[in-house]
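I opened my notebook to get to know a new structure. Here is what I looked up, in the order I went.

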Amino acid sequence: AVVSTQSTGALLDVVIILLSILTVILESMPDLQEEGHKKAFSIIDTICVAFFTFDFLIRLVICPNFIQFAKTPLNILDFLAIMPFYLELAVGRLVQGGALTTFKVLRIFRIMRVMKLIRHSKRLILMGRVIKDCLSELTLLLVIWLMGVLTFGTVMYYI
């Protein structure tokens, strides 16, 4: 069976995304906080970010319209997924010592890599379009839900 290059590339992208997500999860486990594990996680994360950066830059270079590329939600998510790595790298070089730990909060944004999986699922893309089309209705639903939470939360507090 002949496998197309596009599907092989998509499969590699999904595998790297899942590896990156698994690394983020394992890195947060207390049992794996030893120095050897931290170094291995750092190497895996660097390889994953290098792949994501290469993928992002290739798509940026070959896009016919930069403005349209920059406005696409999936491209914004891809940028937000790789940005914390480079920000932490730049800040780490500028700031030495204990002040660097305040920038470790940026690691939370690495979870944006999960959103990269949307690109490979037609159903998730469709769901995103439906949510975009129904945004006003969903906003109204959220407001009504919040009113109920506030009302019943207040009643529960005073009873």
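**Entry 1: a polar contact.** I began with the side chain of Arg59, which makes a polar contact with the side chain of Asp78 at 2.6 Å. I kept in mind that this is a predicted model. Arg59 is found in helix α2, which covers residues 35–62.

Is Arg59 buried or exposed? I found a relative accessible area of 17% for Arg59, and because buried means under 20%, Arg59 counts as buried.

Next I asked which residues Arg59 is in contact with, leaving aside its neighbours within four places in sequence. My list for Arg59 reads Phe69, Asn75, Asp78 and Arg119. Asp78 is the partner I had already noted for the polar contact.

**Entry 2: aromatic rings.** Phe69 made me curious about the rings. I noted that Phe69 forms one aromatic cluster with Phe56 and Phe79.

How many aromatic pairs does the structure hold? I counted 5 of them. One of these is Phe51 with Phe52, with 6.2 Å from centre to centre and 65° between the planes, an edge-to-face pair. I then looked up how accessible each partner is. Phe51 is partly exposed at 22% relative accessibility, whereas Phe52 is buried with a relative accessible area of 1%.

Phe85 counts as buried at 18% relative accessibility, while Tyr86 is partly exposed at 36%.

**Entry 3: two helices.** My last stop was helix α5 (residues 122–133) and helix α6 (residues 135–158). I read off an angle of about 70° for their packing, with the axes 5 Å apart. Angles of 65 to 115 degrees count as roughly perpendicular, and therefore α5 and α6 are roughly perpendicular to each other.

Which residues make the contact? From α5 I wrote down Ile131, Lys132 and Asp133, and from α6 Leu135, Glu137 and Leu138. Sorting the residues of this contact between α5 and α6, I got 3 nonpolar, 3 charged and no polar ones.

Conventions
Residues numbered from 1 in each chain as written. Predicted model: local features only at pLDDT ≥ 70, side-chain atom pairs only at ≥ 80, totals over all residues. Heavy atoms only, no water. Phe/Tyr/Trp six-rings, centres within 6.5 Å; stacked < 30°, edge-to-face > 60°. Buried < 20%, exposed > 50% of the residue type's maximum accessible area, 1.4 Å probe, protein only. Axes fitted to C-alpha atoms, helices over the stretch in contact; angles between N-to-C directions. Helix = DSSP H or I, 4+ residues; strand = E, 2+ residues; numbered from the N terminus. Parallel < 35°, antiparallel > 145°, perpendicular 65-115°, else oblique. Contact = heavy atoms within 4.5 Å. Nonpolar A, V, L, I, M, F, W, Y, C, P; charged D, E, K, R; others polar. Polar contact = N/O pair within 3.5 Å; in protein donor to acceptor, adjacent residues only side chain to side chain.
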